[in-house]
Amino acid sequence: MNLAFEVDQAFSPEGILSRTTEHFVSRSGQKEMALAVSQAIEGGYALVVEASTGVGKTFSYLVPALLSGERILLSTATKALQDQLFGRDLPRLVEALDLPVKIALLKGRGSYLCLHRMDMARQERFLPEGVSIRSLARVEEWSQVTRTGDLAELPGLDERSPMIPLVTSTRDNCLGAQCPRFRACHVNLARREAMAADVVVINHHLFFADLAVRDSGMAELLPSVRIAIFDEAHQLNETGVQFLG
């Protein structure tokens with residue numbers, strides 16, 4: 001059974017999506033896009049799709065990607081869409097299609113709590129403007145219960161907060177294997193899970209950071225794949241220029 005046929009069946013009015021996904025309505029534009037994606041996956045060629053609001057683009061690329069059985073990189077321009085795909089859309093479809101697929105979310109290191117930097121901040125005599133002992137204590141309390149260390153999980157933390165640079169690492173100040181908290185490092189855990197996953201949800205910044213690192217011959221941040229899908233692709237040029245010139 002080829003991929004295009006499976007996708008066509010899934011999106012039909014009596015298909016598996018209609019039977020298992022709440023509020024799903026079969027739409028001609030959605031199926032047309034899904035079939036185009038499935039043919040591009042099977043044919044191994046690039047596909048650029050522009051579709052209007054309401055078509056249901058997310059399901060149009062996720063369903064053929066999941067049914068292909070291949071390892072997928074799924075990249076977005078915003079953390080909000082990244083979190084939506086990982087937390088809502090992908091789990092719904094994996095369950096609806098009954099697939100043994102392992103998914104992982106991977107963001108840049110600045111999105112994860114650095115335990116060593118947090119320990120250092122606790123010992124600072126003077127905290128940066130806008131950071132209070134009470135707010136730092138909230139981060140420490142949360143650090144005891146989080147598994148991922150993803151700061152997006154911390155309620156009420158603005159992504160522009162001066163707290164974030166205080167408790168996250170950069171490539172320059174990361175101690176690597178010399179870090180006293182290396183074994184518990186959230187960045188390393190997220191990268192290990194991504195390397196072992198079937199579908200990895202990333203963002204454009206991380207994709208191009210990986211390309212730049214690979215070109216330098218140093219290492220790889222992301223698993224190698226045959227299929228990469230870029231949602232919000234209109235922002236690819238701007239992000240690519242930042243990293244690659």
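**Cores, helix packing and ring pairs in a predicted model**

Colleague: What share of the 245 residues in the protein chain is buried?

Modeller: Buried residues come to 44% of the 245. Buried means under 20% relative accessible area, exposed over 50%, and partly exposed in between (1.4 Å probe, protein chains only).

Colleague: What sort of model is this?

Modeller: This is a predicted model: local features need pLDDT of at least 70, side-chain atom pairs count only at pLDDT 80 or more, and totals for chains, interfaces and linings use all residues. Residues are numbered from 1 along each chain as its sequence is written, and side-chain values use heavy atoms, with hydrogens and water left out.

Colleague: Fine. How many helices and strands?

Modeller: The protein chain has eleven helices and four strands. These are DSSP runs, numbered from the N terminus: H or I of at least four residues for helices, E of at least two for strands. The C-alpha atoms fill a box of roughly 65 × 40 × 30 Å along the principal axes.

Colleague: What part of the contacts with a separation of 6 or more joins residues 24 or more positions apart?

Modeller: 74% of them. Contact means heavy atoms within 4.5 Å.

Colleague: On to the largest nonpolar core. Which residues touch the most other members?

Modeller: Phe-11, Leu-17, Tyr-61 and Leu-74, out of 32 residues. A nonpolar core is a set of buried Ala, Val, Leu, Ile, Met, Phe, Trp, Tyr and Cys residues joined through side-chain atoms within 4.5 Å.

Colleague: And which elements each supply at least two residues?

Modeller: α1 (3–11), α3 (28–43), α4 (57–68), β1 (72–76), α5 (79–97), β3 (199–203) and β4 (227–230). Helix α4 gives the most, with seven residues.

Colleague: What is Tyr-61 in contact with, leaving aside neighbours within four places in sequence?

Modeller: Met-33, Val-37, Leu-74, Leu-85, Ile-229 and Asp-231. Apart from this core lies another, of 18 residues, including Ala-194, Phe-208, Leu-221 and Leu-236.

Colleague: Back to α3 and α4. At what angle do they pack?

Modeller: About 35 degrees, with axes 8 Å apart. Axes are lines fitted to C-alpha atoms, for helices over the stretch in contact, and angles run from 0 to 180 degrees between N-to-C directions.

Colleague: Which residues make the contact?

Modeller: Helix α3 brings Gln-30, Met-33, Ala-34, Val-37, Ser-38 and Ile-41. Helix α4 brings Lys-57, Phe-59, Ser-60, Tyr-61, Pro-64, Ala-65 and Ser-68. By type, that is eight nonpolar, four polar and one charged. Ala, Val, Leu, Ile, Met, Phe, Trp, Tyr, Cys and Pro count as nonpolar, Asp, Glu, Lys and Arg as charged, and the others, Gly among them, as polar.

Colleague: New topic. How many aromatic pairs in the whole structure?

Modeller: The search finds four. One of them is Phe-207 with Phe-208, edge-to-face at 5.4 Å centre to centre and 85 degrees between the planes. Rings of Phe, Tyr and Trp (its six-membered ring) pair if their centres lie within 6.5 Å; planes under 30 degrees apart count as stacked, over 60 as edge-to-face and the rest as tilted.

Colleague: Is Phe-207 buried or exposed?

Modeller: Phe-207 is buried at 17% relative accessible area. Phe-208 is buried too, at 10%.

Colleague: Why does the pair of Phe-207 and Phe-230 count as edge-to-face?

Modeller: Because the planes stand at 85 degrees, with the ring centres 4.9 Å apart. Phe-207 sits in helix α10 (residues 204–216) and Phe-230 in strand β4, so the pair ties together parts 23 residues apart in sequence. Phe-230 is partly exposed, at 28%.

Colleague: Which residues do ring pairs link into a cluster?

Modeller: Phe-11, Phe-24 and Phe-59.

Colleague: Now helix α9 (residues 186–196). Which residues are buried?

Modeller: His-186, Val-187, Asn-188, Ala-190 and Ala-194. Their cover includes β2 (103–105), α6 (115–122) and β3.

Colleague: Last one. Where is Asp-98?

Modeller: In the loop between α5 and β2. Asp-98 is exposed, at 66%. Glu-232 also has phi near 55 degrees, and lies in the loop between β4 and α11.
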